[in-house]
Amino acid sequence: EAIEAVDELAAALSDPAPKVRYRSAKALSKIGIGASAAAAELAQAYDTADAETRYYVVKALANIEDAAALAVPQLTNALSDENPKTRYYAAKALGKIGKEALPAISALQKASTDSDADVRKAVAQAVSKIQPRS
C-alpha cells in the first residue's frame with residue numbers, strides 16, 4: 001500500500017523542512033524495491049541531506065537495487081561518510097548495482113581498510129560483484 005505514496009515521498013525529499021526530508025527518506029527506505037521510482041530524487045537528495053537523512057537515503061538506494069545505478073557518484077561519496085551504517089549501505093548498494101558501479105572501484109578499494117568490520121565485509125562483497133574474478 002505504501003508504494004502508492006512513492007511519488008509524494010520522492011517530492012518531499014526536497015521539502016524546505018529537514019524533518020520532512022528525513023521522514024520521507026526513512027519511509028522510502030522501508031518501502032524497499034517498490035521505491036525504485038524515487039531513485040533520481042534520492043540521488044539528488046543525498047548531496048544536501050544531513051547525516052541522519054543521508055543514512056536513510058543510502059539505505060533506500062541499497063534496497064532498490066538496479067534503479068540506484070544513477071546514484072553511483074553519491075554512493076561513492078557515502079563510502080567516506082562519518083556513519084558506519086551509511087558506509088555499509090553504500091557498499092551494499094554499489095554491489096547490487098554490479099558492473100555499472102565500476103567508477104566506484106577505487107573508493108571501494110580505499111574503503112576495504114575501513115575501521116568497521118561490517119563495512120569491510122560489504123566492501124569485499126561489492127568488489128567481487130563489480131569486478132568478478134574470471
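What radius of gyration would a compact globule with 134 residues have, and what does the protein have? The compact globule would have a radius of gyration near 14 Å and the protein has 14 Å, which agrees; the radius is taken over C-alpha atoms, and the globule rule is 2.2 Å times the number of residues to the power 0.38.

This is a predicted model, in which local features need pLDDT of at least 70, side-chain atom pairs count only at pLDDT 80 or more, and totals for chains, interfaces and linings use all residues. Residues are numbered from 1 along each chain as its sequence is written, and side-chain values use heavy atoms, with hydrogens and water left out.

The protein has eight helices and zero strands; helices (H or I, at least four residues) and strands (E, at least two) are DSSP runs, numbered from the N terminus. The C-alpha trace spans about 45 × 25 × 20 Å along its principal axes. Buried residues (under 20% relative accessible area, 1.4 Å probe, protein chains only) make up 46% of the 134 residues.

Helices α2 and α4 have axes that come within 8 Å and cross at roughly 25°. The axes are lines fitted to C-alpha atoms over the stretch in contact, with angles from 0 to 180 degrees between N-to-C directions. That crossing makes α2 roughly parallel to α4, a term for angles under 35 degrees. Contact means heavy atoms within 4.5 Å, and the residues that make it are listed here.

| Helix | Residues | Contact residues |
|---|---|---|
| α2 | 18–31 | Pro18, Arg21, Tyr22, Ala25, Lys26, Leu28, Ser29 |
| α4 | 51–63 | Glu52, Thr53, Tyr56, Val57, Lys59, Ala60, Asn63 |

Conventions: Angles under 35 degrees count as roughly parallel, over 145 as roughly antiparallel, 65 to 115 as roughly perpendicular and the rest as oblique. Buried means under 20% relative accessible area, exposed over 50%, partly exposed in between (1.4 Å probe, protein chains only).
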